[in-house]
Amino acid sequence: MKKLIIFLLMMLPLGVFAQESKIAIVNTQEVIQAMPEFATMQKQMADMEAKYKNEMQVMQDEYNKKYSDFVAQQDSLTENIKRMQELQDMEQRTQNFIQISQQDFQKKQGELFTPIQDKLKNAIKAVGDEKGYTYILDPQIVLYQGNTAVDATQFVKAKLGIN
């Protein structure tokens with residue numbers, strides 16, 4: 001009985017080595033940048049940014065005009081107090097606009113990017129299942145890559161219909 005236990009303990013490491021792990025890497029940045037959805041997202045984000053910049057410029061121009069008027073017409077204390085209040089209100093609206101536009105921009109970016117990530121994950125999973133990979137890693141995270149690792153980037157691109 002003792003010999004059987006020793007024999008089983010000796011064979012256990014061999015069983016672990018007998019199970020070959022197939023590891024592949026996928027450069028997700030390369031794949032994402034090649035996806036047409038990503039180009040569409042970038043266009044939408046650039047359009048949104050341009051819209052917000054235009055709105056901000058209009059607000060800044062209005063503020064500058066009011067400030068110039070304030071400096072040029074310092075005739076009465078009552079008028080100056082009223083104009084100062086207008087300038088402070090405009091500054092507050094500008095700050096609120098900046099904060100809201102940044103939040104909207106980030107929210108829109110997340111809404112547009114999530115489907116791209118999901119599509120990529122599904123394609124990677126499909127390639128992993130088809131090719132029998134144990135792991136598919138992104139090379140940006142891997143600290144060492146041996147010569148037996150397979151670059152599955154082209155397989156994922158093909159699965160997504162990207163050249």
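A residue counts as buried when its relative accessible area is under 20%, as exposed when that area is over 50%, and as partly exposed in between (1.4 Å probe, protein chains only). Thr-28 is buried, because its relative accessible area is 17%. This is a predicted model, in which local features need pLDDT of at least 70 and side-chain atom pairs count only at pLDDT 80 or more, while totals for chains, interfaces and linings use all residues. Residues are numbered from 1 along each chain as its sequence is written, and side-chain values use heavy atoms, with hydrogens and water left out.

## Overall layout

The protein has 5 helices and 3 strands. Helices (H or I, at least four residues) and strands (E, at least two) are DSSP runs, numbered from the N terminus. Their order along the sequence is α-β-α-α-α-β-β-α.

Of the 163 residues in the protein, 23% are buried. The accessible surface comes to about 12200 Å², and carbon and sulfur atoms account for 56% of that surface. These areas come from the Shrake-Rupley method with a 1.4 Å probe, and for residues only the protein chains shown count as cover.

A contact means heavy atoms within 4.5 Å. Among contacts between residues at least 6 apart in sequence, 85% join residues at least 24 apart.

Thr-28 belongs to helix α2, which covers residues 28-34. When neighbours within four places in sequence are left aside, Thr-28 is in contact with Leu-120, Ile-124 and Asp-138.

A nonpolar core is a set of buried Ala, Val, Leu, Ile, Met, Phe, Trp, Tyr and Cys residues joined through side-chain atoms within 4.5 Å. The largest such core here has 23 residues, and those with the most contacts inside it are Val-31, Met-35, Leu-120, Val-156 and Leu-160. Helices α2, α3, α4 and α5 (153-160) each supply at least two residues of this core. Helix α4 gives the largest share, 7 residues.

Which residues does Val-31 contact, leaving aside its neighbours within four places in sequence? They are Val-26, Leu-120, Thr-153, Val-156, Lys-157, Leu-160 and Ile-162.

## Aromatic rings

A pair of aromatic rings is described by the distance of the centres and the angle of the planes. Rings of Phe, Tyr and Trp (its six-membered ring) pair if their centres lie within 6.5 Å; planes under 30 degrees apart count as stacked, over 60 as edge-to-face and the rest as tilted. The structure holds 3 aromatic pairs.

One of them joins Phe-38 and Phe-113, which is edge-to-face because the ring centres are 6.5 Å apart and the planes stand at 70°. This pair links distant parts of the chain, 75 residues apart: Phe-38 is in helix α3 (residues 36-72) and Phe-113 in helix α4 (residues 77-131). Phe-38 is buried at 13% relative accessibility, whereas Phe-113 is partly exposed at 21%.

Another pair is Tyr-63 with Tyr-67, whose ring centres are 6.4 Å apart and whose planes meet at 15°, so the pair is stacked. Both tyrosines lie in helix α3, 4 residues apart, about one turn of the helix. Tyr-63 is buried at 18% relative accessibility, while Tyr-67 is partly exposed with a relative accessible area of 42%.

A charge sits over a ring if NZ of Lys or CZ of Arg is within 6 Å of the ring centre and within 35 degrees of the ring normal. The charged end of Lys-131 is placed in this way over the ring of Phe-155, 4.1 Å from its centre.

## Salt bridges

Side chains of opposite charge can pair when their charged atoms come close. A salt bridge is a side-chain nitrogen of Lys or Arg within 4 Å of a carboxyl oxygen of Asp or Glu. The structure holds 7 salt bridges, including those in the table.

| Salt bridge | N to O distance |
|---|---|
| Glu-37 and Lys-119 | 2.3 Å |
| Lys-66 and Glu-86 | 3.4 Å |
| Lys-125 and Asp-129 | 2.9 Å |

Lys-66 is in helix α3 and Glu-86 in helix α4, so their bridge ties together parts that are 20 residues apart in sequence. Lys-66 is partly exposed at 32% relative accessibility, and Glu-86 is partly exposed at 29%.

Lys-125 and Asp-129 both lie in helix α4, 4 residues apart, about one turn of the helix. Are Lys-125 and Asp-129 buried or exposed? Both residues are exposed.
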